[in-house]
Amino acid sequence: MLEADRFSVLKGKKVGLLTHPAGINRKGVSTIDVLKGRKSFKLVSLFGPEHGIYGNEKANQPIDNKIDRKTGLPVYSLYGKYRKPQPHMLEGIDTMVIDLQDIGVRSYTYISCMRYTMEACFENDVQVIILDRPNPLGGEKVDGPNLDPEWKSYVGAFEIPYIHGLTIGECAVLSKQIPGWLSIDPKLQKKGKLKIIPMKGWNRKMLWPSTNLKWIPTSPNIPSFASVLGYAMTGLGAQEGSFSHGIGTPYPFRLLSNKHLSAARLKQALENLPIKGHDFKIVKTSHKNGNPINGVYVGVINWAELRPTALSFYMMQISIKLDPSNPFLETQRSELFNKHVGSNAWWHALTQSKGSKKGPNVAYFLKKWDRENAKFKKMVQPYLIYR
């Protein structure tokens, strides 16, 4: 859409670009290549999120600044010494273009990277232009716990539900318009210059396959749309306890195994859960280290009735039933766990389950989060780009 308008919003600008490998146009050309060498504006510098501009950096590993061999431009890492662009990084540019493909899940770090970049740009009088992209999970489903304020972090930049139903452009609009969404002087938040380049042809009912676009891996463990669905469904449930969710196999976030249960017994336990929209199949495969794995593949047969995060919370309940001493009481991990889940009420329920054979009442929390999410959907309605 930016190119279709002949880059008019960039005319005469000195541009910084925050992007990654999934930042491509419909023809598969990277945004870096689309922007470099244009005569009406100048691409001055590149900025990389977690995994870097070429997506080949490991998760949770600091990345250094460097010179891009391909373009000769400086590449500033926003997942190294700094998560937020520093003033010296913004020198020489007056516009920051952000082109990141998000996956619609609160703990995925690209919306955090966008937020910190917006803050720095607003503080340094640099315009922000967001090239909007589809939420691969669609724009209608909102699910899971909201983030309690004290757990704001790089895996929880906004007080939003775990499955938020927003595009990255809509997250940016909300960040600009709602007090407190950015951690900067409210006057600078209000004064900050933000422009969204909206998509053409996308609507809120569309999941990724409906876009007819090719999925480009957004990070090493999200190689496909199948793994996007898996991240939403099992990403929280295997952080603690006794579950693994297929990282290192051909089915990341989709293949469940449990150290206490055979695949057959695990399949039966999952099929007995009071959840809809799934099916479960036993799959034999191998980990990339060569070890054989016999696990249960989490299928999706009805997205409309499926509650993406429900499975994760029932996985936690199963972990407690299998280990009444409660694997969630490892205090050295509890902070990271809470940064991802974000709910004090759920953590309290988990930690009160020591010695219990039942674990927390998941159904109670699902109903509670449903009510809260209905309020969230109503609150964001006026700010949505796609109605």
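A residue counts as buried when its relative accessible area is under 20%. In this predicted model, tyrosine 79 and tyrosine 154 are both buried.

**Aromatic pairs**

- The structure holds 19 aromatic pairs.
- In one of them, the ring centres of phenylalanine 7 and phenylalanine 41 are 5.7 Å apart and the planes stand at 50°, so this pair is tilted.
- Phenylalanine 7 belongs to the segment before strand 1 (14-19), whereas phenylalanine 41 belongs to the loop between helix 1 (31-35) and strand 2 (42-48); the pair therefore ties together parts that are 34 residues apart in sequence.
- Phenylalanine 7 is buried, with a relative accessible area of 5%, and phenylalanine 41 is buried with a value of 5%.
- Tyrosine 79 and tyrosine 154 also form a tilted pair, with 5.8 Å from centre to centre and 45° between the planes.
- Because tyrosine 79 lies in the loop between strand 4 (74-77) and helix 2 (87-90), and tyrosine 154 in the loop between strand 6 (127-131) and helix 4, their pair ties together parts that are 75 residues apart in sequence.
- A cluster linked by ring pairs comprises Phe313, Trp346, Tyr364, Phe365 and Trp369.

**Packing of helix 3 and helix 4**

- Helix 3 (residues 110-123) and helix 4 (residues 168-177) have axes that come within 11 Å and cross at roughly 40°, which makes helix 3 oblique to helix 4.
- The crossing of helix 3 past helix 4 is right-handed.
- Helix 3 contributes Tyr110, Ile111, Met114, Met118 and Phe122 to the contact, and helix 4 contributes Ile168, Cys171, Ala172, Ser175 and Lys176.
- By class, this contact has eight nonpolar residues, one polar and one charged.

Notes
Residues are numbered from 1 along each chain as its sequence is written. This is a predicted model: local features need pLDDT of at least 70, side-chain atom pairs count only at pLDDT 80 or more; totals for chains, interfaces and linings use all residues. Side-chain values use heavy atoms; hydrogens and water are left out. Axes are lines fitted to C-alpha atoms, for helices over the stretch in contact, and angles run from 0 to 180 degrees between N-to-C directions. Helices (H or I, at least four residues) and strands (E, at least two) are DSSP runs, numbered from the N terminus. Angles under 35 degrees count as roughly parallel, over 145 as roughly antiparallel, 65 to 115 as roughly perpendicular and the rest as oblique. A crossing is left-handed if the near helix is turned anticlockwise from the far one by less than a right angle, and right-handed if clockwise. Contact means heavy atoms within 4.5 Å. Ala, Val, Leu, Ile, Met, Phe, Trp, Tyr, Cys and Pro count as nonpolar, Asp, Glu, Lys and Arg as charged, and the others, Gly among them, as polar. Rings of Phe, Tyr and Trp (its six-membered ring) pair if their centres lie within 6.5 Å; planes under 30 degrees apart count as stacked, over 60 as edge-to-face and the rest as tilted. Buried means under 20% relative accessible area, exposed over 50%, partly exposed in between (1.4 Å probe, protein chains only).
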